[in-house]
Amino acid sequence: MLAVKGMRFPVEVILVCIRWYAAYPLSLRYLEEMMEERGVTVDHSTVSRWAIRFLPLLEKIFRKYKRPVGGSWRMDETYIKVKGVWKYLYRAVDRDGKTIDFLLAAKRDKAAAKRFFDKAMQANGVPEKVTMDKSGANKAAIDEINASREIPVTVRQVKYLNNIGEQDHRAVKRITKPTLGFKSFQSAKNILAVIELMHMIRKGQMMMEGADKMSFAEQFYALAE
């Protein structure tokens, strides 16, 4: 169970608020109104602090239960606004649409792409092939990785083959749109991590005992136990 000792609200209220915030396209002020209708007076800024504090912990726990992914990756990046400036969310899914990994970066360049691949491969192993767009930075990053490998990762730069990855961005952007942008890079990283967590749970990527018989909400609450 999350450590909420000394907090004025019970853990059940905290979990409901942060789950709704990360799982549905709701602004913090809408959440404040929804809780008020249920007899709970909580300020929207308080919900924001809960999200930043507790959601990353749940995302780390989930990684222990994440199902293995396939060896054919579709890698792409999308835009996320932080303090009025566009940043870059690197993401990859396998050919079945299962989320492999993600990384928020300040720049769209070779170094950022390399950090993403290193993170994804450390957690999920080295893929057999990676499909990406015509980005020279992304290709340069995987070429650098291949230079140190006996068996190189096959790279395909065919746009239509990457449609699965591009389509998968929509589920994340649907949740981030009502936020009207994040106020800091760190809070963006924390919140995006659990938006991705919710998306993975919905896609059946949680390998906890009995998870297949649990609802989406029950799987989320099981992580906090």
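Tutor: Buried means under 20% relative accessible area, exposed means over 50%, and partly exposed lies in between (1.4 Å probe, protein chains only). This is a predicted model, where local features need pLDDT of at least 70, side-chain atom pairs count only at pLDDT 80 or more, and totals for chains, interfaces and linings use all residues. Residues are numbered from 1 along each chain as its sequence is written, and side-chain values use heavy atoms, without hydrogens and water.

Student: Why is Arg108 called partly exposed?

Tutor: Arg108 has a relative accessible area of 39%. That value lies between 20% and 50%, so Arg108 is partly exposed.

Student: What makes Glu77 and Arg108 a salt bridge?

Tutor: A salt bridge needs a side-chain nitrogen of Lys or Arg within 4 Å of a carboxyl oxygen of Asp or Glu. Here the closest N and O atoms are 2.7 Å apart, so the pair counts. Glu77 lies in strand β1 (residues 72–82) and Arg108 in the loop between β3 and α4 (110–124), so the pair ties together parts 31 residues apart in sequence. Strands (E, at least two residues) and helices (H or I, at least four) are DSSP runs, numbered from the N terminus.

Student: Why is Glu77 called buried?

Tutor: Its relative accessibility is 10%. That is under 20%, so Glu77 counts as buried.

Student: How do you know whether Asp101 is buried or exposed?

Tutor: Asp101 has 1% relative accessibility. The limit is under 20%, so Asp101 is buried. Asp101 forms a salt bridge with Arg63, at 3.0 Å between the closest N and O atoms.
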